[in-house]
Amino acid sequence: MRSLLTPWRLVAAVLVLLLALLGVAAQQFRLFERGLFVLQEWRHASEWRERSIWLPDYRVAIEAKPIEGLSDDVSALTYDPDRHSLFTVTNQRPEIIELSLDGHLIRRIPLVGFGDPEAIEYISKGVYVITDERLQRLIKVRVDENTTSIDAADSQQLSLGIGLSGNKGFEGLAYDTVGQRLFVAKERDPVRIYEIHGFPHTNPDKPFAVHVVDDPKRDARLFVRDLSSLQYDDRSGHLLALSDESRLVLELNADGRPISTLSLLRGMHGLQRAVPQAEGVAMDNDGNLYLVSEPNLFYAFRKQAGD
């Protein structure tokens with residue numbers, strides 16, 4: 001009898017182990033929260049669709065287009081409404097890269113004295129902020145038609161020693177032009193979105209004072225493993241948060257609550273293949289979404305009419 005029960009006990013032990021591993025994986029990838037949110041997302045679709053970005057209505061228009069002439073790792077993305085173009089940065093060989101709205105390379109601007117640039121954000125005409133991830137520096141730079149290189153030593157800088165964790169520092173930026181808030185994403189361990197008030201300093205007649213707002217409870221609701229990029233939408237007052245490891249774009253309302261998602265997995269939103277390593281998200285004035293993926297892939301998403 002014992003010899004007959006032994007195989008079954010072995011099978012039971014294996015099943016228990018598999019269930020335990022699945023439970024750990026579900027916890028690690030926040031699968032329970034994500035699954036529950038999907039149900040809530042569609043239940044509240046009629047409530048939010050007309051007064052939000054509403055990511056479920058987006059479909060891919062340009063997919064995995066290689067950026068010709070660029071082999072370096074692109075990181076982050078921002079839209080310049082004055083030039084009607086996009087800007088990203090590379091960190092292996094630090095540069096600012098300007099792209100057209102269909103993913104063509106327009107120009108490259110070398111960066112001097114930037115250790116590990118990970119994000120760039122449009123602030124106002126000709127003014128941007130770049131993050132130096134490992135040193136947690138925010139660097140204000142100016143770019144015009146005649147800019148051929150940028151030296152960090154010539155630029156206004158702000159260093160923030162918040163939760164230093166090596167190569168898991170400031171990964172994304174977004175700017176609220178009305179509230180003059182700079183949102184800064186910490187990649188992981190833990191995931192955080194900070195609000196920086198007072199930088200970049202735009203009014204020379206006022207003292208330079210910086211205030212940092214941190215909301216751990218809000219950030220704990222973000223069912224993503226990491227943060228790669230941010231985008232603020234002035235029209236709705238909502239924030240987009242891109243996660244590479246979770247293959248997801250989250251829309252957060254003004255209270256920081258997730259209200260809609262855009263999955264970057266194969267078969268979702270018209271994608272033929274999953275987005276391999278999404279590093280930057282941006283939105284233009286018409287509401288079109290743009291993504292870049294390492295090392296040099298370009299995506300565009302357009303909003304379709306809702307059902």
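**Figure 1. Tyr-122 in the predicted model.** Tyr-122 is buried, with a relative accessible area of 12%. The structure shown here and in the following views is a predicted model. Tyr-122 belongs to an aromatic cluster that also contains Phe-87 and Tyr-128.

**Figure 2. The aromatic pair of Phe-87 and Tyr-128.** A pair of aromatic rings is described by the distance of the centres and the angle of the planes. For Phe-87 and Tyr-128, the centres lie 5.0 Å apart and the planes make an angle of 50°, an arrangement classed as tilted.

**Figure 3. The aromatic pair of Tyr-122 and Tyr-128.** Here the ring centres are 5.9 Å apart and the planes stand at 80°, so the pair of Tyr-122 and Tyr-128 is edge-to-face. The angle decides this class, because planes over 60 degrees apart count as edge-to-face. Together with Phe-87, these two tyrosines form one aromatic cluster. In the model, the count of aromatic pairs comes to five.

**Figure 4. The cis peptide bond between Phe-199 and Pro-200.** Most residues other than glycine have a negative phi, and most peptide bonds are trans. The bond that joins Phe-199 and Pro-200 is cis, with omega at about 0°. Pro-200 is placed in the loop between strand E13 (192-197) and strand E14 (211-213).

**Figure 5. The cis peptide bond between Glu-294 and Pro-295.** Glu-294 and Pro-295 are joined by a cis peptide bond, and omega is about 0°. The loop that holds Pro-295 runs between strand E20 (289-293) and strand E21 (297-303).

**Figure 6. Ala-64, a residue with positive phi.** Ala-64 is a residue other than glycine, yet its phi is positive, near 50°. This alanine, Ala-64, is found in strand E1 (residues 58-66). Ala-64 counts as partly exposed because its relative accessibility is 31%.

**Figure 7. His-269, a residue with positive phi.** The phi of His-269 is near 55°, a positive value in a residue other than glycine. His-269 is placed in the loop between strand E18 (258-263) and strand E19 (278-283). With a relative accessibility of 10%, His-269 counts as buried.

Note on methods:
Residues numbered from 1 in each chain as written. Predicted model: local features only at pLDDT ≥ 70, side-chain atom pairs only at ≥ 80, totals over all residues. Heavy atoms only, no water. Phe/Tyr/Trp six-rings, centres within 6.5 Å; stacked < 30°, edge-to-face > 60°. Buried < 20%, exposed > 50% of the residue type's maximum accessible area, 1.4 Å probe, protein only. Helix = DSSP H or I, 4+ residues; strand = E, 2+ residues; numbered from the N terminus.
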